[in-house]
Amino acid sequence: MKKMNRKICFLSIAMTVSTISIAQLPASNFSASNVDLDVTGRNPRLDFAFQQVRNRKPIEKKIKIQGSAYFNEEYRKASIYSVDGIEGVLLLRYDGFRDQFEIKPTANNEETQILLPREDIYCVINGKTAKFKGYNDKKGKFEQGYLFVLADLEDMVLYEKRTKLFKEGKEGTTSLELDVPNRFVESRQLFLGKKNGDKEEIQFFKTSKKEVYSLFDGEPEASKKIKQFVGKNRLNLKEPSDVAKVFRYYNTL
């Protein structure tokens, strides 16, 4: 009964958002749920986890743009989790421009459907966990959005923010100057979540040797091994992927 009341609460909150209503997906859109389908062929366990956005066309159809708003155009299987554990599997793709996970349309419903952006719902796609979180950006401004987990340590979590920025093009001013098309530009930033019991404070994390090494100053032996690891593997600690390697290596010490 407590689980049912919580999901009814989720539905009520979602219905207050303008132009958004709860969508109910047919069973063909997901599998591997931990509950059976009801008599209508729907999976009631996942009803609370998605929204339907009405009367909206993808930005690519409104204006010609070079590149894509998606990091991967294809929909891929993603496991959906709530506070109760795994809920099921949906076919998703991440829209880096709008910062949302789109659900694959079905024959019965071609309108855009998205995963409900809530901190108690997250997904695992392509082996990466994506969570909707509150965080402080580079300027210290509080924001909310999806962060991808790169490394999860005992007392801190390394996140990556993946964004597709829209850059407006311009026409060449002379016959010798080429036009610059409208385009999407990929951006990746790191964020560090510091755990304090059940709470977590997430801040922008500058990628540099100084910032990375300072995290381990309190552990001289681990710090020494990390510096050796960085040198041996010629890691560039301005690159998010290499910073993630350091965190994962530390987790093995």
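**Salt bridges and a covered helix**

Let's start with one pair. K195 and D152 join their side chains in a salt bridge, 2.7 Å from N to O. The two sit in distant parts of the chain: K195 in strand β12, D152 in strand β10, 43 residues apart. K195 is partly exposed, at 33% relative accessibility. D152 is partly exposed too, at 43%.

A word of caution: this is a predicted model.

Now the overview. The protein chain has 5 helices and 13 strands. It runs to 253 residues, and 42% of them count as buried. The structure holds 12 salt bridges.

Here is another of them. E73 pairs with R93, with the closest N and O atoms 3.5 Å apart. E73 lies in the loop between α2 and β4, while R93 belongs to strand β5, 20 residues away. Buried or partly exposed: which is R93? R93 has a relative accessible area of 15%, so it counts as buried, the cut-off being under 20%. E73, at 43%, is partly exposed.

Next, a network. Salt bridges link E160, R162, E186 and R188. Within that group, R188 and E186 bring their closest N and O atoms to 2.6 Å. R188 is partly exposed at 36%, and E186 is partly exposed at 44%.

On to helix α5, residues 240–250. Its buried residues include P240, V243, F247 and Y250. What covers the buried residues of α5? Among the elements are strands β10, β11, β12 and β13, and helices α3 and α4.

Last stop: N136, in strand β9. N136 is buried, at 18% relative accessibility.

Conventions. Residues numbered from 1 in each chain as written. Predicted model: local features only at pLDDT ≥ 70, side-chain atom pairs only at ≥ 80, totals over all residues. Heavy atoms only, no water. Helix = DSSP H or I, 4+ residues; strand = E, 2+ residues; numbered from the N terminus. Buried < 20%, exposed > 50% of the residue type's maximum accessible area, 1.4 Å probe, protein only. Contact = heavy atoms within 4.5 Å. Salt bridge = Lys/Arg side-chain N within 4 Å of Asp/Glu carboxyl O.
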